[in-house]
Amino acid sequence: LVWHSVLRRLHFHDLGRLEVGGFLIEPVDMTPVKINIYVSYTKQDEEVLKQLQHWLHPMRDEVNIWYVNPPEPVPSMPAPWNFLFFWYDPPNAMDLYRKVLIAQLQRAHIYIFLTNHRSIIDERIGQEIDFAVKRRIAGEHELNPLIFPLITSPCQWKRDSRLSGYKPLGSFKSLAEAKIKEEAYLEVTEQLTQAVRSLQIP
C-alpha cells in the first residue's frame with residue numbers, strides 16, 4: 001500500500017523528467033567529465049607517445065589526448081589552375097594550428113612531459129613546461145592542472161629540469177631501464193587512471 005501511494009504521486013512529464021509530490025526533478029547528467037591530457041614530447045619519444053595512446057585507448061570516452069601534431073603543408077595549385085585562381089590566397093594552416101595548440105595548452109587538465117636528455121634542452125618543451133608550471137601555481141579556475149614527468153631514458157632531469165619538483169610517473173628510473181616494458185606502461189596507465197578519476201569528482 002505504501003508503494004502504491006508513492007507511485008500514484010509520481011508523474012512523468014517526458015523522458016528523463018519526473019514530478020514527485022508537486023516538485024519537478026530535472027535529470028542528472030551521469031556522464032563523466034572528459035579530461036584533457038596534453039603530452040609534451042620530442043621526436044625521439046614518438047614511439048613512447050604511440051604506446052601511451054595505445055594503453056589509454058580504453059579510456060577514450062573519458063579523456064582527450066593532445067600533443068603537437070602539425071598539419072601537412074598545403075600543396076601548391078597545379079597549372080593552369082594557379083593562373084586561373086591567381087587571386088586565391090589559401091589560409092595558412094600553420095597559423096590556424098598554432099591557435100589550436102595554444103587552446104589545448106590552456107585547457108589541459110593533465111600535462112605529461114616525456115623527459116630525456118634531449119627534451120631537457122629543447123626550447124619548445126621548455127616553453128610548455130613554463131606554461132604548465134605557471135598555470136599550476138596560479139590555480140586557474142580553482143582547478144590546478146596536474147603535472148607528471150615521464151622519464152623515457154636516463155638523464156639529469158632532477159638537476160637540469162624545472163620538472164624536478166614534480167613526482168614522475170612510474171616507480172622505474174626510466175622507461176628505457178624498465179625490465180618489462182608492459183609492466184611499466186601498465187603502472188603508468190594505472191596512475192593516470194587514478195589522476196583522471198580524481199579530476200572527475202565534482
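This is a predicted model: local features need pLDDT of at least 70, side-chain atom pairs count only at pLDDT 80 or more; totals for chains, interfaces and linings use all residues.
Helix α7, residues 181-200, has 20 residues and spans 29 Å from its first C-alpha to its last, close to the 28 Å expected at 1.5 Å a residue. The buried residues of α7 are A184, Y185, V188, T189, L192, T193, A195, V196, L199 and Q200. Their cover includes the strands β4, β5, β6 and β7 as well as helix α2, and the description therefore turns to the sheet that these strands form, in which β5 and β7 stand at the edges.

The sheet is open and consists of 4 strands in the order β5-β4-β6-β7, with parallel pairing. Because β5 and β7 each have a single partner strand, one side of each is left without a neighbour in the sheet. Neighbouring strands are turned against each other by 20 degrees on average, direction ignored. Helix α2 packs on this sheet, where it touches β4, β5, β6 and β7, and its direction makes about 170 degrees with that of β5. Helix α7 likewise packs on the sheet and touches β4, β5, β6 and β7; its direction makes about 175 degrees with that of β7.

Within the sheet, strand β4 is joined to β5 (residues 63-67) by 5 bridges, and the two run parallel. In this pairing V39 stands opposite Y67 of β5. The chain passes from β4 through helix α2 (residues 46-56) to β5, a β-α-β crossover that is right-handed. Strand β4 is also joined to β6, by 4 bridges and again in parallel, with I37 standing opposite I110 of β6. Strands β6 and β7 pair in the parallel sense over 6 bridges. In β7, L146 is the bridge partner of I110.

The whole structure contains 4 aromatic pairs. One of them joins Y38 and Y111, whose ring centres lie 6.4 Å apart and whose planes stand at 65 degrees; the pair is edge-to-face because the angle is over 60 degrees. Since Y38 lies in β4 (residues 35-40) and Y111 in β6, this pair ties together parts that are 73 residues apart in sequence. Both tyrosines are buried, Y38 at 1% relative accessibility and Y111 at 0%. Y111 also forms an aromatic pair with F113, and this one is stacked, with 6.3 Å centre to centre and 15 degrees between the planes. F113 is buried as well, with a relative accessible area of 2%. Through these ring pairs, Y38, Y111 and F113 are linked into a cluster.

T115 also belongs to strand β6, which comprises residues 110-115. T115 counts as buried because its relative accessible area is 2%, under the 20% cut-off. Leaving aside neighbours within four places in sequence, the contacts of T115 include D45, I120, P149, L150, I151, W157 and L163. Among these, P149, L150 and I151 fall within β7 (146-151), the strand that pairs with β6.

Terms used: Residues are numbered from 1 along each chain as its sequence is written. Side-chain values use heavy atoms; hydrogens and water are left out. Buried means under 20% relative accessible area, exposed over 50%, partly exposed in between (1.4 Å probe, protein chains only). Contact means heavy atoms within 4.5 Å. Rings of Phe, Tyr and Trp (its six-membered ring) pair if their centres lie within 6.5 Å; planes under 30 degrees apart count as stacked, over 60 as edge-to-face and the rest as tilted. Two strands pair if DSSP finds at least two bridges between them. A crossover is right-handed if, with the strands pointing away from the viewer, the path from the first strand over the helix to the second runs clockwise. The expected span of a helix is 1.5 Å times one less than its number of residues. Axes are lines fitted to C-alpha atoms, for helices over the stretch in contact, and angles run from 0 to 180 degrees between N-to-C directions.
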